[in-house]
Amino acid sequence: MSELSVNHLLGIKYLNKKDIELIFETADHFKEVINRPIKKVPSLRDITIANLFFENSTRTKLSFELAEKRLSADVINFSASQSSVKKGETLIDTVNNILSMKVDMVVMRHPNPGASVFLSQHVDASIINAGDGAHEHPTQALLDSYSIRERLGEVKGKNVVIVGDILHSRVALSNIYALKLQGANVMVCGPKTLLPKHIDKLGVKVETNLQKALNWCDVANMLRVQNERMDISYFPSTREYTQQFGVNKALLDSLDKEITIMHPGPINRGVEITSDVADSKQAIILDQVQNGVAVRMAVIYLLASKIKQ
Ligand code: NCD
């Protein structure tokens, strides 16, 4: 039986192409399960999972929790704002306390890049990175590629542009790794100030003109401007950002083909994307959310089967 090459999901950087294929095949199965009248399987009845969220989250947290429950795992939730972290406890102490209650797997979102790698080296549980600062967000990139595969048949050979705040986005970095691994052509597009200096070293095209980028691509993944990670001003005003890097219906209609629009959420309607685009048939934003549950079920299931061995 095939299995993942890793014991944790810390970033797409640590996966190979076969891992991604295995996750997608497994997700296909779970997608079928969650569309049944009884949306649950008993696979992980003997597994306990702790969701540790040290940073705000809506859909990622709900999606993980739903995925765990659909697999019949026992689930405990922890969010930093209501915890002893505020009293000065270290990350390792917090997690070891939770693990001493016999927890097998930890899903963690943390503001510090590398937090989940650090944790995997110090505690005895399988770790899933649910976003570490501006570094990686592997399950988001997996569900994004899975959604492209579902809409366009395959990821290989497709032209995908990631638009917006590439500098502060963990979604961008994980998507670049995932898309390249599967043989897609990747471009990043945004204001120069929001494009990391040596980003081309990752084998991506760089473009600062949105119209050109949209003419080139099959898929545009629109990112939110991560204001919460900015300590200085990276562009003159939101209005100007929208004028240059926002996607609206008129712009899409001016292209000579119909491209697919993605967004990881949360959307700032009217900033990076207008409502008529977000709610159009070209957008697969809600498919991404739905696929997120199946893809996370696949990741959790495959990692759990390595614990059981
Ligand atoms: C993203 C995140 O938190 O990194 N959202 C998500 O996980 N669905 C992107 C964002 O916050 O803009």
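Predicted model: local features only at pLDDT ≥ 70, side-chain atom pairs only at ≥ 80, totals over all residues.

Me: Let's start with Q140: does it count as buried or exposed?

Reply: Q140 sits in helix α5, which covers residues 138-152. Buried means under 20% relative accessible area. Q140 has a relative accessibility of 4%, so Q140 counts as buried.

Me: Which residues does Q140 touch, leaving out those up to four places away in sequence?

Reply: Contact here means heavy atoms within 4.5 Å. With residues up to four places away in sequence set aside, the ones Q140 touches are V171, P264, Q288 and R296.

Me: Where does UniProt place the feature "binding site"?

Reply: The annotation comes from an unreviewed UniProt entry, and Q140 is among the positions it lists. The lining of the largest pocket includes R59, T60, R109, H137, Q140, G265 and P266. One of these, G265, is found in the loop between β9 and α10.

Me: How is the chain divided into domains, and how far apart do their C-alpha centres lie?

Reply: Domain 1 is made of 12-137 + 291-307, while domain 2 spans 138-288. Contacts link 29 residues of domain 1 with 28 residues of domain 2. The distance between the C-alpha centres of domain 1 and domain 2 is 25 Å.

Me: In what order do the five strands of the open sheet come, and which stand at the edges?

Reply: The pairing in this sheet is parallel, and the order is β7-β6-β5-β8-β9. Each edge strand has a single partner, so one side of it is left without a neighbour in the sheet. From one strand to the next, the twist averages 20°. The strands at the edges are β7 (205-207) and β9 (260-262).

Me: What is the bridge partner of V160 in β6?

Reply: Strand β5 (residues 159-163) runs parallel to strand β6 (residues 185-189), and five bridges join them. Helix α6 (residues 170-181) lies across β5, β6 and β8, at about 170° to β5. In β6, V160 has as its bridge partner V186.

Me: What separation is there between the C-alpha atoms of D104 and S126?

Reply: D104 is in the loop between α3 and β3, and its relative accessibility of 23% makes it partly exposed. D104 touches several residues beyond four places away in sequence, including S126, A125 and I307. D104 and S126 are 22 residues apart along the chain, and their C-alpha atoms are separated by 6.5 Å.

Key: Residues numbered from 1 in each chain as written. Heavy atoms only, no water. Pairing = 2+ DSSP bridges. Helix = DSSP H or I, 4+ residues; strand = E, 2+ residues; numbered from the N terminus. Axes fitted to C-alpha atoms, helices over the stretch in contact; angles between N-to-C directions. UniProt positions renumbered as here; feature names shortened; annotations may be inferred. 1 Å grid on protein atoms, 1.4 Å probe; cavity = no way out; pocket = protein on both sides within 12 Å on 5 of 7 lines; lining within 4 Å. Buried < 20%, exposed > 50% of the residue type's maximum accessible area, 1.4 Å probe, protein only. Domains from an automatic or database assignment.
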